[in-house]
Amino acid sequence: MIRPFTPSHPVYLITVRTSAWYDLVVTAGFATPWTYRLVHDALSKLGDTLELGTLPALDPIEILYANLMGSVVVVWALLRIVRPLPAHGLFDGVARTLFATWQAYALAHGAPRWLWLFFVVEVAFGVVQLVPWWRARRTDLMGPSAGQPLGTTGR
């Protein structure tokens, strides 16, 4: 029997696929120079309207980095939508930890405050995808007779 909250549980794969759909929807606009201009303008206007900060003026290098990030994340999201595997959740959780770390760094250095919304989602999906691996690893380290008194074999 597969225990709930493990990477091999079907609900875990639903989580992997759900996080991929989120990535696809949020990141697709970053994948081309034309769509990134629209996303950039929309985020700046939203930040200005809500008084949460705007993005700096576009420059070719910023567009390039946005397009690189958008392209890679779109492909990664499509892989997880078409073929979600437990290992994809592990690697996505690690990637989200990195993304959240760099978002926190940006926020600490004056990035627009609306970035907090994306930061919270990154952390949430990262935790949901990494905790089952941590729990499985912890259980494996404790051995097959985990939870039994010392000196017993479980028979």
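The structure is a predicted model, and across the protein pLDDT averages 89, with 85% of the residues scoring at least 70. The secondary structure consists of five helices and zero strands.

**Confidence by helix**
- Confidence is highest in helix 3, with a mean of 98, and lowest in helix 5, with a mean of 87.

**Overall organisation**
- Read from the N terminus, the elements follow the order α-α-α-α-α.
- Of the 155 residues in the protein, 31% are buried.
- When contacts between residues at least 6 apart in sequence are considered, 69% of them join residues at least 24 apart.

**Helix 1**
- Helix 1 contains 18 residues and spans 26 Å from its first C-alpha to its last, close to the 26 Å expected at 1.5 Å a residue.
- Its buried residues are Tyr-12, Thr-15, Val-16, Ser-19, Ala-20, Tyr-22, Asp-23, Leu-24 and Thr-27.

**The largest pocket**
- The largest pocket holds about 1,000 Å³ of space.
- Its lining comprises 32 residues, and those nearest the centre of the pocket are Phe-30, Met-69, Phe-99, Gln-103 and Leu-115.
- At least two lining residues come from each of helix 1 (10-27), helix 2 (33-49), helix 3 (60-82), helix 4 (86-108) and helix 5 (115-142).
- By residue class, the lining of the largest pocket has 24 nonpolar, two polar and six charged residues.

Note on methods:
Residues are numbered from 1 along each chain as its sequence is written. This is a predicted model: local features need pLDDT of at least 70, side-chain atom pairs count only at pLDDT 80 or more; totals for chains, interfaces and linings use all residues. Side-chain values use heavy atoms; hydrogens and water are left out. On a 1 Å grid over the protein atoms alone, a cavity is a set of points where a 1.4 Å probe fits but cannot get out, and a pocket is an open set with protein on both sides within 12 Å along at least five of seven lines; lining residues have an atom within 4 Å of a point. Grid points are joined across faces, edges and corners, and a volume is the space filled by probe spheres set on the points. Helices (H or I, at least four residues) and strands (E, at least two) are DSSP runs, numbered from the N terminus. Ala, Val, Leu, Ile, Met, Phe, Trp, Tyr, Cys and Pro count as nonpolar, Asp, Glu, Lys and Arg as charged, and the others, Gly among them, as polar. The expected span of a helix is 1.5 Å times one less than its number of residues. Buried means under 20% relative accessible area, exposed over 50%, partly exposed in between (1.4 Å probe, protein chains only). pLDDT is the predictor's confidence in each residue, from 0 to 100. Contact means heavy atoms within 4.5 Å.
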